[in-house]
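Here is a friendly walk through some side-chain contacts, with the cut-offs spelled out as we go. Please keep the viewer open while you read.

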Amino acid sequence: MSRGRGDSSTALRANLGALLAQMPLFNGLAPNVLDRIADAAQWLSLPGGAALFEAGESADALYVILSGSLAVLTAAGRERGRFLARLAAGDTVGEMGLISGRPRMAHVVALRNTELARISAQAFNDVLRRDPEAMWHIAQLMVERLERMDAMPQAHLRGASTFTVLPQSLEVDFAGFSTALVKALAAFGRAELVWSVRADTQTSQWFNNIEAANDFVVYVADPTPSRWTKLCERQADALLLLARADSPAGRWGALRWPHDNSLTPQRLELVLAHDTGIETGAAARWLADLPDIPHHHVQSPSDYARLARVLTGRAVGLVLSGGGARGFAHIGAVKALRAAGIPLDLVGGTSMGGILGAAVAGHWSVAELTDRFRHYFVESNPLSDYTLPFVSLVSGRKVSRMLFEAFGELSIEDLPLSFFCVSSNLTTGYPYVHRHGELWRALRASVSVPGVLPPVVHAGQVLVDGGAMNNLPVDIMLERGGGPVIGCDSGADRAFTTSGGDLDVPQPWQFLRWIRARRQLPSIFQILWRTGMVGSTTLTAAQRGRTDLLLRPPLADIDMLDWQAFERAIQAGYDYTARRLDELPEDSVLWRSAG
């Protein structure tokens, strides 16, 4: 562990008592108590990447962060620990173990050069022993802090304020990218660009002052290993791995991870710069060596604005449910959202919502959505290729051809917007989230209503319609996002009713009369479709409550298989969404994301 006393500024030392008074842990304590704590403090300077303490160590002190930033990680090993939280100047760390007397329960590592005030257990206890009321006050504050942390969604930890651009090579225009990113970030606060020529020889206090004076700071590293690049990595909350999409995939020579054993707990985001259009297959090529990290396509000013929202926790996520023909209402909802200027940055969906979501993530215009979905569903019923019902009522070939015609050989990674769709894995009994691979095949799995369409077999696993397990996957969007989530639930209304009371199908010679008398009986398609969705009803109800804006267009008069209700469903989705947007308060997070 690298620990050592640093040269903190005289001002920080002289004003530690005042700083402590502003911190939640010490707020409300008498000035003489604060002064005694400040007098007992020791100053530490912790280099970026060094550990402050590790899980299992004895709790011998608490620390006050004066400048810099720390990462808290789970105790699963430093290289494998899960990122829990980022602590900044003004936060305290280590007090839980100090008061409980138990060993440390997590790893704490410096994200960048960090200055701290160390208050030893002995000094802390000596001070509080003289003032039991102060000890009681601190205990209450700690309980309140734990309750807030338990209630805080993990997504709220994802916003970042300092970024380092790591160019993969000199071929990528990292100067232009960095300048455009700072301009986009400026829409949400003060933003500043820092180059080596300006800051290479500055002290840690200079960096702290720059970051304190701005809401966002973008550091531009060298494409090769250097002292400046290492410093930039340490200063960043998030590392942006910038590469030309059309270049051969390569390693980042300046990146500490994964080329050595040092820990890089910052967010990693792959950014692919395109000249014109998105090159098919480029993302999969680059992600082969960087699995499981988010990626972004950048080619226009709107892409920089979206990237700024994603990086700062303001990205708007759109989640579209399944619902058959009722899902056409999503087209109207998207039309109203775009007309209102609400950005759609991340898209996910199930079944019909998955297909429409993929089109939205592909930047289809409203006119294109309307024309192409009318062609695919109204002019050519995709469920009309009936077959012997050994596995399903229809063969599925028309649906597969339709999806391939619509999306071709695109991979999910090739879509301009981040996208996922959900199917149900009958082999494991859990939802399957499609984030990579052939788009049309993922959508084919997501719409495979059990008994209606044949399942899709993937790596020996049987996948069917996602509506069977998660028809409104808001939870999955929250895992990826960090900003407001819009959920459009087109399967919310009752699916069908019947006036018939017969339990059994009649004998063949009575069949025609039975049909004439029972026109309101549900069809086998309706029964199978609804049966495939009903299992996720309880989960869907819970998912609705996790949205920032829930859209439930009135669709009770539209059957899930009534493709001819196309125009009515679109209009219902548009009218309802426009009305809900008019009702949003001016301080809504959606309007703030829209800028």
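Let us begin with a charged pair: Asp275 and Arg244 form a salt bridge, and their closest N and O atoms are 2.9 Å apart. The term covers a side-chain nitrogen of Lys or Arg within 4 Å of a carboxyl oxygen of Asp or Glu. The pair links distant parts of the chain, 31 residues apart: Asp275 belongs to the loop between strand 13 (267-273) and helix 11 (282-287), and Arg244 to strand 12 (residues 238-244). Helices (H or I, at least four residues) and strands (E, at least two) are DSSP runs, numbered from the N terminus.

A word on the basis of all this: the model is predicted, so local features need pLDDT of at least 70 and side-chain atom pairs count only at pLDDT 80 or more, while totals for chains, interfaces and linings use all residues. Residues are numbered from 1 along each chain as its sequence is written, and side-chain values use heavy atoms, with hydrogens and water left out.

**Salt bridges**

By the rule above, the count comes to 17 salt bridges. Another of them joins the side chains of Asp60 and Arg118, at 3.3 Å from N to O. Here too distant parts of the chain are linked, 58 residues apart: Asp60 is in the loop between strand 2 (51-53) and strand 3 (61-67), and Arg118 is in strand 8 (residues 114-120). Arg267 and Glu269 also form a salt bridge, with the closest N and O atoms 2.9 Å apart. Salt bridges that share partners join Asp60, Arg104 and Arg118 into one network.

How exposed are these partners? The table uses relative accessible area, where buried means under 20%, exposed over 50%, and partly exposed in between (1.4 Å probe, protein chains only).

| Residue | Relative accessible area | Class |
|---|---|---|
| Asp275 | 54% | exposed |
| Arg244 | 22% | partly exposed |
| Asp60 | 33% | partly exposed |
| Arg118 | 16% | buried |
| Arg267 | 22% | partly exposed |
| Glu269 | 2% | buried |

**Aromatic rings**

The structure holds 14 aromatic pairs. Rings of Phe, Tyr and Trp (its six-membered ring) pair if their centres lie within 6.5 Å; planes under 30 degrees apart count as stacked, over 60 as edge-to-face and the rest as tilted. Phe404 and Trp440 are edge-to-face, because their ring planes stand at 90 degrees, with the centres 6.0 Å apart. Since Phe404 lies in helix 16 (residues 397-407) and Trp440 in helix 17 (residues 439-446), the pair ties together parts that are 36 residues apart in sequence. Phe404 is partly exposed at 39% relative accessible area, whereas Trp440 is buried at 13%.

One aromatic cluster is formed by Phe328, Trp364, Phe373, Phe377, Phe407, Trp563 and Phe566. Trp364 also has a charged neighbour: the charged end of Arg372 sits over its ring, 3.9 Å from the centre. Such a charge (NZ of Lys or CZ of Arg) must be within 6 Å of the ring centre and within 35 degrees of the ring normal.

**Helix 3**

Which residues of helix 3 (residues 31-40) are buried? They are Val33, Leu34, Ile37 and Ala38. Seen down the helix axis, these buried residues fall within an arc of 135 degrees, so they line one face of helix 3. The arc is that of the directions from the helix axis to the C-beta atoms. Turned away from the buried side, the other face of helix 3 carries the exposed residues Pro31 and Asp39.
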